[in-house]
Amino acid sequence: MSADLWSSDSSPLLSDAAARAARAATTLVFFVAGAGFAHWVIRIPTLKAQLGLSERDLGFALLGVAAGAMTLLPLTPSLLKRYGTRTLVGGAVAAYALCLALPALSSSLLGLFAALLLLGAATGTLDVAMNAQASLVEQRLARPVMSSFHAAFSVGGLSGTVLGGLMVSFTAAWVHLLAVALATACLGALALPHLLTTAPEELPVTAPPSPGNRWRLPRTLLLLGVLGFCAVFTEGSVNDWSAVYLQQLALSSGGQVALGFALFSLAMAFGRLVGDGLCDRLGAARLLRLGALLATVGFLICVLAGSPVVGALGFLLVGLGNAAMFPLIVSAAGRLPSLPAGAGVAFVSVFGYSGFLVGPPLIGLTAHHTGLRFGFLLAAAITLLVCVLASTLSAVPQQQPEEV
């Protein structure tokens, strides 16, 4: 086991049964979050047609998701401090389930924007709450498990895409999303009793800042935020632009166009499934550096590709390299000392959502002036920056769990 992160001689913090139940419950929450959002994404074309929206109108409406998330994310550390992790996860899952059905009930552009604003707020809160819960489970187990939780999110997204694609053909949008909302609420209720919790007074607090140091954040936390931005920038860029790029290479809209994103998604899921074992063997900083190098090579292959098949293989390498990046960064943020519970996770999440906001438009702006090859060359530079900053994870203290 890597000595730079995890204590190998600590006594077990949870009974085997409690540990398995907590890990399984947290995994279920991540799966539900990924599946629910995939079902909503599948219905975007349907709602666009029903409301008669143009591409510009739809783009405006979709900004509501990011705006809602960014608005509420800074408040989540205070909510965690006040209510504890399990209570906030339960409330966030309930709100998430309710908001999943709202877009299908919208009758206008402004109504859709408002629905997506609420969905974004619920999604952002759930994102921080479930990552804080995952960090707590990881600390209690005293071994790396964060990547497996994010793998559950990816698997949930893949399953939601497949099942949602089937439901599109025989259900109305409101019936479909209402069914998903009910399933999400039921599965969340099933997981809730087994989640770990801490009483609010047990959560770590930050020493009061001095007047001259009031707004100063730890340098390590700032660097972790930059790393989170870069990791999600990469993922968002591939999500939004891989099919367009392969279409340009193929000079058609055939089946090869979807191959890049499919391979990328599968590689992300697989990489997260094996990420904890690799972290245990290699250490977090080394794994992050190797993943960033692999993603950089993948982007360079895409840039140099002369066919959609070669480009798709490049996206496969990007997925493998990118898979463990964000889980490793979130795990490190959750272990930073002298911070309120969830504050590090929330900070990195804000930067991550910023990467989703900035990445795809910046790639598009670069492509407009110089072509998509240069857009993905920019993405390669971003992953190379992750490689340079990977040693930041070595500065995070190893987990020293407390007896409970």
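Where is the place of S148? Select S148 and you land in helix α7 (residues 146–168); helices here are DSSP runs of H or I, at least four residues, numbered from the N terminus.

Before moving on, some ground rules. This is a predicted model, where local features need pLDDT of at least 70, side-chain atom pairs count only at pLDDT 80 or more, and totals for chains, interfaces and linings use all residues. Residues are numbered from 1 along each chain as its sequence is written, and side-chain values use heavy atoms, with hydrogens and water left out.

**Stop 1: around S148**

Stay on S148. With a relative accessible area of 14%, S148 is buried (buried is under 20% relative accessible area, exposed over 50%, partly exposed in between, with a 1.4 Å probe and protein chains only). Show its contacts, meaning heavy atoms within 4.5 Å: leaving out residues up to four places away in sequence, S148 touches R23, R272 and D276.

**Stop 2**

E235 sits in helix α9 (residues 219–250) and R272 in helix α10, so the pair ties together parts that are 37 residues apart in sequence. Both E235 and R272 are buried. How many salt bridges does the structure hold? The structure holds one.

**Stop 3: A267, also on α10**

Now slide to A267, in helix α10 (residues 259–282). A267 is buried, at 3% relative accessible area. Leaving aside neighbours within four places in sequence, A267 is in contact with L316, G319, L320 and A323. Try the distance tool on A267 and L316: the two are 49 residues apart in sequence, yet 5.9 Å apart in space, C-alpha to C-alpha.

**Stop 4: helix α11**

Next, select residues 284–304, which make up helix α11. At 1.5 Å a residue (times one less than the number of residues), its 21 residues should span 30 Å, and the end C-alpha atoms are 30 Å apart, which agrees. Colour by burial and you'll find a buried set that includes A284, L288, G291, A295, F299 and C302.

**Stop 5: aromatic pairs**

Switch to rings. A search of the whole structure finds six aromatic pairs; rings of Phe, Tyr and Trp (its six-membered ring) pair if their centres lie within 6.5 Å, and planes under 30 degrees apart count as stacked, over 60 as edge-to-face and the rest as tilted.

Start with F60 and F113, a stacked pair with 4.7 Å centre to centre and 10 degrees between the planes. F60 is in helix α3 (residues 55–72) and F113 in helix α6 (residues 109–141), so this pair ties together parts that are 53 residues apart in sequence. F60 counts as partly exposed, at 37% relative accessibility.

Then go to F299 and F376: the ring centres are 5.9 Å apart and the planes at 20 degrees, so the pair is stacked. F299 lies in helix α11 and F376 in helix α15 (residues 372–389), so the pair ties together parts that are 77 residues apart in sequence. F299 is buried at 0% relative accessible area, and F376 counts as buried at 0%.

**Last stop: T171**

Finish on T171, which is buried, with a relative accessible area of 16%. A polar atom of the T171 side chain lies 2.6 Å from the backbone oxygen of M167. Beyond residues up to four places away in sequence, T171 touches R43 and H176.

Technical notes: Helices (H or I, at least four residues) and strands (E, at least two) are DSSP runs, numbered from the N terminus. A salt bridge is a side-chain nitrogen of Lys or Arg within 4 Å of a carboxyl oxygen of Asp or Glu. A polar contact is a pair of N or O atoms within 3.5 Å; within protein, one must be able to donate a hydrogen and the other to accept it, and residues adjacent in sequence count only if both atoms are side-chain atoms.
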